[in-house]
Amino acid sequence: MGNQGKKRVVPVIVLLCAMLCLCVGFWVRDRLVVKAQGAVVAHALTASTPVGVDAARSYPAETVGVDDAGTHVHRFLQKADYTYAAFDGELLGADRGEWGGELVFRDASGTVQTLLRQNVRGIVGMPFGVVVFTGLSHMGHSAGAIFRVEQRNDGAVVATPLHALRGAPGDVRWTTRGDLVFTVDYVSRGRLFGGMHTQCFLLKRSGDLRRQPCLAIAGG
């Protein structure tokens, strides 16, 4: 092959390599980068809640304290921070920080059943069922979880663990593919990198959970 032929082949090879790199780049981006859309979705009650709804969205709760005089139980009416209509009733949840929280189910007759005694951080309906985000990061301690809430054949509503988390989940958002992305704030006690840190995760519509680089979440 003469020099003229070699000169024509080289640009073609370069063009093919560029197209291959471009295709690989789009393939990687399509699988690694997710697009969040809309506002945070956790069914949190807001200050714009109509008058009269506060009472309907409250439920009996209690906290237990211990001092020199013994154990004290404080009973009160808790205003729900999160609510979700399901199973011919309503799921209600609260997050009181270090003072605890709970998830309860109130059926159509008004009977309240406690499902979880944990700080609720969001209630979201997904294709595979209703999920509840729980967790707390406070004073050097962090823990969290995702629960699935379902109704058994006998009619009982139960919450079962789906995924364990290192800390408190938050900023839960839908993606354009129908999955959820969210952050987890956790405490690390390492000498070099100790302190509060944040990770991002993707909860797929199938129920699978994977770590998601925060920089690979677009939009929001």
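# Reading the terms in this model

Trainee: What makes Arg148 and Glu150 a salt bridge?

Mentor: The closest N and O atoms of Arg148 and Glu150 are 3.8 Å apart. A salt bridge is a side-chain nitrogen of Lys or Arg within 4 Å of a carboxyl oxygen of Asp or Glu, so this pair of Arg148 and Glu150 qualifies. The model is predicted, so local features need pLDDT of at least 70 and side-chain atom pairs pLDDT 80 or more, while totals for chains, interfaces and linings use all residues. Residues are numbered from 1 along each chain as its sequence is written, and side-chain values use heavy atoms, with hydrogens and water left out.

Trainee: Why is Arg148 called partly exposed?

Mentor: Buried means under 20% relative accessible area, exposed over 50%, and partly exposed in between (1.4 Å probe, protein chains only). Arg148 has 29% relative accessibility, so it is partly exposed.

Trainee: How many salt bridges does a search of the whole structure find?

Mentor: The search finds 9. In general, side chains of opposite charge can pair when their charged atoms come close.

Trainee: How do you know that Asp95 and Arg121 meet in a salt bridge?

Mentor: Their side chains are 3.1 Å apart, N to O. Asp95 belongs to strand β5 and Arg121 to strand β8 (residues 120-126), so the pair ties together parts that are 26 residues apart in sequence. A strand here is a DSSP run (E, at least two residues), numbered from the N terminus. Asp95 has a relative accessible area of 22% and is therefore partly exposed. Arg121, with 26%, is partly exposed too.

Trainee: Where is Asp88, and why is it called buried or exposed?

Mentor: Asp88 is in the loop between β4 and β5. Its relative accessibility is 72%, so Asp88 counts as exposed. Asp88 also has a positive phi, near 60 degrees, in a residue other than glycine.

Trainee: What makes Val64, Val66 and Val73 a nonpolar patch?

Mentor: Nonpolar patches join side chains (Val, Leu, Ile, Met, Phe, Trp, Tyr) within 5 Å, from residues with over 30% relative accessible area and no salt bridge. Val73 has 39%, so it is partly exposed, and Val73 lies in strand β3 (residues 70-79). Together the three valines have about 280 Å² of accessible area, computed by the Shrake-Rupley method with a 1.4 Å probe, with only the protein chains shown as cover.

Trainee: Where is His74, and how far in space is it from Thr63?

Mentor: His74 is in strand β3. His74 and Thr63 are 11 residues apart in sequence, yet 5.2 Å apart in space, C-alpha to C-alpha. At 47% relative accessible area, His74 is partly exposed.

Trainee: How do you know that Leu116 is buried?

Mentor: Its relative accessible area is 8%, so Leu116 is buried. Leu116 is in strand β7 (residues 112-116). Gln113 is in strand β7 too, but at 34% Gln113 is partly exposed.

Trainee: Which residues lie nearest the centre of the largest pocket?

Mentor: They are Gly100, Gly101, Arg117, Gln118 and Asn119, out of 16 lining residues. A pocket is an open set of points on a 1 Å grid where a 1.4 Å probe fits, with protein on both sides within 12 Å along at least five of seven lines, and lining residues have an atom within 4 Å of a point. Two or more lining residues come from each of β2 (58-67), β6 (101-106), β9 (129-138) and β10 (141-151). The volume of the largest pocket is about 200 Å³, meaning the space filled by probe spheres set on grid points joined across faces, edges and corners.

Note on methods:
Helix = DSSP H or I, 4+ residues; strand = E, 2+ residues; numbered from the N terminus. Patch = residues over 30% accessible without salt bridge, like charges linked within 9 Å, V, L, I, M, F, W, Y side chains within 5 Å.
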